[in-house]
Amino acid sequence: MARPRPAAPLPTRDGVSPSCVALPCGPWSRLVDFLAERLPGVSHAAWLARLAAGEVVDDHGRPLAPEAPYRPQTRVWYWRSLPREHAVPFQETVLFQDEHLVVADKPHFLSVTPSGRYLQETLLVRLKRRLGIDTLAPMHRIDRETAGVVAFTVRPADRNRYQALFRDRLVFKTYEAIAPWHPGLVLPAVRRSRIEEGASFMTMREVPGEPNAETAFELLEVGEGRARYGLSPVTGQRHQLRVQMAALGIPILNDQIYPQHLPEPDPELPPDYSRPLQLLARSLAFLDPVTGEWREFHSRQRLQLG
């Protein structure tokens, strides 16, 4: 079982929970030197400014000064921020909310949780701001490029029981994808394969060996050279659906990684919002481990075949 997160001495600010950094033994004499070296996304001058503004604190919530000495085997807390983010011009929809769960319909291009170049423009932070629930935590994740249903827990005491549903494969998930029509492909079918990290950053690939990924595929609709496919994954390997569809010779429309990893766009420019990955997390269903109710949630979005 994962070790519980220590209680934060700072409140959530603008939807962003405080971040915690453990200080190991090391050669640093000043805290600011450690922060600038270990978290280089923020400059040395910017860390000095944050310390001067009282935005870095110890476990007791006491602000640490710019000249604060480095104290190994302690922790410090701060609010993460980014100098600039590209606004994602699509809105999430709240499909369901009660005292235990929040279920949202995520648009394409919106990350589920903060990472890399995205903080405010993430589903978690947007929902915290919108609903005023600081304790929200995702039950699971889908790719930034994928749209569809994402579930969040509300109460920390319930979190492990809900997340265990995914670990124990007790959640029924369906996806839809638009990809080339392959008349020689016999469907429905189940693909079992082994997926491991690829040769380049952020990629995965099928390799020989004991299968660790399983998906059921079906043909839902055929259009002009394209088809709508239904996908029901049993496992949850990273990029599983994208990797397996490419391996079947039907790569998902607008996929920038599979079967060919295209060059990363200039981070200073916004993404091309006119070409979303045609993959949708259509539904989630499970027996609620807290209430005993059967839960079933469906996306209101639809991928365009033509």
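The buried residues of helix α2 are covered by elements that include α1 (31-38), β2 (56-57) and β3 (74-78). Contact here means heavy atoms within 4.5 Å. Helices (H or I, at least four residues) and strands (E, at least two) are DSSP runs, numbered from the N terminus. The structure is a predicted model: local features need pLDDT of at least 70, side-chain atom pairs count only at pLDDT 80 or more, and totals for chains, interfaces and linings use all residues. Residues are numbered from 1 along each chain as its sequence is written, and side-chain values use heavy atoms, with hydrogens and water left out.

Helix α2 spans residues 44-52, and its buried residues are W47, R50 and L51. Buried means under 20% relative accessible area, exposed over 50%, and partly exposed in between (1.4 Å probe, protein chains only). Seen down the axis of α2, the buried residues fall within an arc of 100°, so they line one face of the helix. The arc is taken from the directions from the helix axis to the C-beta atoms. An α-helix has 3.6 residues a turn, so residues three or four places apart point the same way. On the face of α2 turned away from the buried side sit the exposed residues A45 and A52. Just after α2 comes G54, with a positive phi of about 75°.

Helix α5 (residues 240-247) is mostly covered, with 7 of its 8 residues buried. These are Q240, L241, R242, V243, Q244, M245 and A246. They pack against β8, β9 (189-197), β10 (204-207), β11 (213-222), β12 (226-233) and β13 (279-287).

Strand β8 (residues 172-180) contains F172. This residue is exposed, at 55% relative accessible area. F172, L287 and W294 form a nonpolar surface patch, with about 370 Å² of accessible area together. Patches are made of residues with over 30% relative accessible area and no salt bridge; like charges are joined within 9 Å, nonpolar side chains (Val, Leu, Ile, Met, Phe, Trp, Tyr) within 5 Å. A salt bridge is a side-chain nitrogen of Lys or Arg within 4 Å of a carboxyl oxygen of Asp or Glu.

The structure holds 0 disulfides. A disulfide is a pair of cysteine sulfur atoms within 2.5 Å. The sulfur of C20 is 16 Å from the closest cysteine sulfur, in C25, which is too far for a bond. C20 is partly exposed, at 31% relative accessibility. C25 is exposed, with a relative accessible area of 58%.

Note on methods
Accessible areas come from the Shrake-Rupley method with a 1.4 Å probe; for residues, only the protein chains shown count as cover.
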